[in-house]
Amino acid sequence: MTPVSTSSRGRFIGSAAAASAVAFGSPAILSAQSKEIVIGLNVPQSGPYSEQGKDQLRAYNLAIDEINKSGGIMGLKVKTSVGDDQTTAGVARDNAQRMIDRDGAVMITGGSSTGTAVAVSALCQQKGSLFMATLTHGDETTNQNCHKHTFRRYNDAYMSAQALARTLISKYGTGTWFHITADYSWGWSVHDNLAAVVNPRGAKEIANVKLKLGTTDFSSALSQAQAAKPDVLVLTEFGADMVNCLNQAATFGLTKSCKILVPLVDEYMAKGTKDNFTNVVSTAPFYWQYHQQHYTFAKKFVGAFYDRYKVYPSNGAECAYVNILVYKKAVEQAQSTDPAKLIPILENMQWNMTKGPEHFRKEDHQGVNSVLVLEGVPEADRGADGFAFAKVLEEHSGPNVIAPLNSLSCKMETA
Amino acid sequence: MVALTQALLNGLVLGLIYVAIAVGLTIVFGTLRLVNFAHGAFYAIGAYIGLVVAQNWGLGPALLAAPIGVALFAVLLDRVLLRPFYGKDVTSQILVTFGIALIVEETLRLIFGATTQQYPALAGLATSVSLGPFVYPAYRLLFAAGVIVMLVLVWLFMEKTDYGLIVRAGVRDRTMVQLLGGNIRQASTIVFALGAAIAGLVGAAASPIYSIAPGTGFAFLVPSFVVVVVGGLGSFWGAVLGGLLIGELQSLTTLAFAPAANVIIYLCMALVLLLRPQGLLGESEVIRQ
Amino acid sequence: MILETKGLGKSFGRFAANADIDFSVAQGELRAVIGPNGAGKTTFFNMLSGTTEATSGTIFFKGNDVTKLSGTRRVHIGIAKAFQTANIYPEQTVRQNCRLAALAHKQGAFALEIVRRSERLADVDTLAERAIEQLELTNVADVRSGDLAHGDKKRLDIAIALATQPEILLLDEPVAGMSRDEARKTEALVRKLASSMTVLIIEHDMDLIMGISDSITVLESGRVLANGTPAEIRANQRVQDAYLGGHSEAEMGA
Amino acid sequence: MRVALLTLIGLALFPFFFHAIDGYAGLATQIVIVSIASIGFNFLLGYTGLLSYGHAMFYGSGGYVAALMLIRVMPQHPNLWLAVIGGTLAATALALLVGALAVRLYGIYFALLTLAFAQMIFFVVEQSQDWTNGDDGLQNFPTALLPVGPYTIDLGTPLPALALGPFGNLSDIKLWYVFAAVALLGVILGMRALTRSQFGEVLTAIRENEERSSLIGFNAAAYRLAAFAISGALTGLSGALRALYDGTVAVDAVGIDRSGSFVIYTIVGGVQTLFGPVIGTGLIMYLEAVLSAQISYWRLIEGVIFVAVIIFLPAGIVGTLTRKAAERARQRRALLAESLRARTGGPT
């Protein structure tokens, strides 16, 4: 709420209003005085990304139950306010508003698309509430549309592109590339990032076919790919669309005739594409099997998650889980849920949990942590429940792949 | 050149899928003058019945169970809900069937979850066959052939049976249908069920190509309306022509400028509605409905 | 001549409903158009009223070519029509039916009067009332017109046409389906109207035709068969032939 | 006058009542704003019988143009009046354009043509990244201020919070609510005048019998076009207000679901009624916001309500209530007349 700033913009009307604004302040302060901390969980429970959303919810509930069992945050119980964002910017935004206005949420987290993340981010900036985005991969969340109140731990498209390029070019060289790209901001930014790294190094882009989000029939695009006989076929699709696209690509014999790239994958997409994902190269910020081998904290998390839900956590779930723990850490350090106090702490905080030491970059609030390059393994080798879907080709440390500051167009507000 | 032949082939297959969905829509309109926004729901129900059956007993039984199940559902709908809306103003028809579509979609979401479901891998059918310069998915070709067979059967039904007579009469002149008298109620139920069964069958048969989600029905409803309007509401051959036209148009647009592949069909529909509202092969009599 | 047609024709595909009709009506005349069923009387009327577009020939109204004018525009230059089956606003009262017609006359084809009400236009009511009186509907003026008796419905249809202040009135079978007395009553009303304006009438009721019309045009299979006074037409051999089988001597009113 | 007063009281009490049933101020404001669009939709469906399945194109264009005016035209002095007027005019222009082509069609043909145009607009919006920021939509455009005489009002200013005893505090109501409520009041009164005006009278006639209407000299197409434009204008106004209130507008504002929502709101509330669209909008938006938080299958409930209304309350909630009321009134009058006759005519 910014009545004070407005008063400067011209003669201010209704000083009573100003007074009340001060008196009743932002919900953040309100609920800080009350006996609980409300966190808004804004995740898709319907629509193409609902599987990702449900898995995030599992992780949130796990983290919050653990916290409440061990005495909450600063002795305050953590309560949640849940909403189905339907992967629609408008709905996500309205949910967040409800969580803040009605339920007094002091922090909003979740989401499975960049569109919703950007919308919620903008709202939280207006409302002066904290937003810890979860599954958003588009650059803009911490670049063009970055905000003081928004932190994104999940790696962005730029980082994926860098990681992929490094591994691929060292492993398979360059050659001819054919892109099938989801025709919206995320798809564009992934494609542009990838092209920007591989094309200069000799990769020849034959075509980039952009298809509407929610396309059911990919045959036309896939035939073109087939006719072009590329060395690398990049399927920049996510969720159900990626599953559809890759499965149809297989029936066109493309999984055999060329190297297939899927810039971002998670456990559920891999499961959906069954054996077609074999040998497909992709990236992910977290892979339960790999990280539980290397980090004890991750082992603990994966174990607890599996014990409770009998499934392994997707990388979105891991990000959700860590978001909550990081928030707890920050609040306890600040001894307050007031974003004004929390933001500087989050900007300078280090933590060492599921992936070793990581932090948010002060300038754009992008999480600096590692990116894995994965390669799909045959369905037969994925274990009974099919969650062990890939082997790790390479782990790229955050600082190596993150976008250089001078390339950013992020203009962070002062407050 | 190869790319073009492939595009044309894809357009043909895609077009046949549209035809298959649209044909039920159009004969139902032709006979009952019912604008059925729930037609996509029939597709989805068929797909899910097919999924359940296919997972347990394979695709063959699925292709049998889906149309039967959907037809039964349609009869129920016809008897319980829709009767009073036949011949009523189009607006209330659109509204009630739109509402039914909503309910079906959400019920499916409740039962099967919102996630996209994959048909069990089809041994042998998931392969691709070589067509000279390029290979093509075997199942798509099989599907296309199946659609053609089905269309022939529907056509025979329309030409050779009394019900078919009623359908064709209905397209031209409602009163003539009324004159045919007593069996009209039963006939209309049968036609409605048939239209639904076709959609259900297509739903089950197409799902190995396209995975299914609760929203799939609506995703196919809109294009099939485009097809029917372009071809001419109520006209069998119109649906066929419209479907193939839209299929090729979409496929070729993807080749030329992919982002427009989706919007082009609306452009096409708008042009037809403005220049020849009754559709390419439609009867002008129905326009004011 | 107030209304005139030259070589007027209408064909649907190969079938010619009307062909080179030369036709003219003088100011104040009461002209009947007759002919066996399917002679193309209604098509001819529809072309005059502008609901059907002519495929050949021209229509002149008071010397001006109006062939291309829409039905709506023709109402405003003074051509009004009453339908074969009463075409009214069943949900509205008789008075409101006529008010609408008068309103159309007063405001023109379109007026963006989104705030003011029509009541403010005093003469709308006057014109409506006059039409009601002329058709002797005063005692049912406030009845929902859908509830009227058949005869009253048809008279209301004429009243509506009248309320648009036409110079020429096209009546398509005004007494069709009426009882004897109703028909006579209507006939009297039509005769009264004819004294103040030009009336063009299609009718099967030969007594009526022969009784009231100044002159008669006979159509047969879309063409003009004969023109003349009732007496001449009654005597015309070709007309009688045309009617044989269709209508009997008695119907010809002989 | 009575209507004005009742509406005013209703709008004044709404936030309190809403708060009591677990609603919240932000949603109350959104409901009031979206109601304007529903009223616009209802005017078209109710008075011309035309079912538009593309009204989102007007809602969205209103929103985008309003936002773009703030971003591109007057970032320095963001003026809310100008933004709203700009958005509304844009929507009106679009409506005139589409309408000029569409009003010749009826029923399903009209519905599908409007759908087609809406889809094309959606495509344009989604593709013109540079202007609309694609599917991410436009956010954080300058806060538009409301110059009123010597004052410059920020509608984001919170009203004094009120203690509501058992219901806790009603805080976080902004001046926005007052502004939106006044706008809605104006629209409702305007709509009332419109439907009783000469224009409304002719429109009703055309709907009842178009053939007769054109043969007494009314230009039916022109009337339908005007109605379509008015409907589009109101929808655009609503879209512009919503964008400015939310401080964001994204592609879902031009999407097919948006178009569908106006249909649902209006039908549930009651077509051809003055308050139906408002009630319908409020009810459904409330259910969506509150239910969706608790039950994942809230959309199913929505669907059931919708179909139930179509089948059992074809006149919609408000429509049915008002008819019942009228019915009762008639009976009462009849009884009164009866008793009077009895008294006067009775033996003395």
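**Conventions.** I used residue numbers that run from 1 along each chain as its sequence is written, with chains lettered from A and ligands numbered from 1 in the order in which they are written. In this predicted model, local features need pLDDT of at least 70 and side-chain atom pairs count only at pLDDT 80 or more, while totals for chains, interfaces and linings use all residues.

**Domains of chain A.** I looked up the division of chain A and found domain 1 (3-155 + 295-369) and domain 2 (158-284 + 371-401), with bounds from an automatic or database domain assignment. Over C-alpha atoms, the centres of domain 1 and domain 2 of chain A are 30 Å apart.

I then checked where domain 1 of chain A meets domain 2 of chain A: 18 residues of domain 1 are in contact with 19 of domain 2 (contact: C-beta atoms, placed from the backbone, within 7 Å). On the domain 1 side, helix 4 (50-69) and helix 15 (315-334) of chain A are the elements that give two or more residues (helices are DSSP runs of H or I, at least four residues; strands are runs of E, at least two; both are numbered from the N terminus).

**Chain pairs.** I found four pairs of chains that touch, with the most contacts between chains A and D. No contact joins chain A and chain C, and their closest C-alpha atoms lie 35 Å apart. Chain B and chain C do not touch either, with nearest C-alpha atoms 14 Å apart.

**Chains A and D.** I noted 39 residues from chain A and 34 residues from chain D in this contact. On the chain A side, helix 1 (3-8), helix 2 (15-24), strand 2 (77-84), helix 5 (89-101) and helix 6 (114-127) each supply at least two residues.

Definitions and conventions: Two residues are in contact if their C-beta atoms, placed from the backbone, lie within 7 Å.
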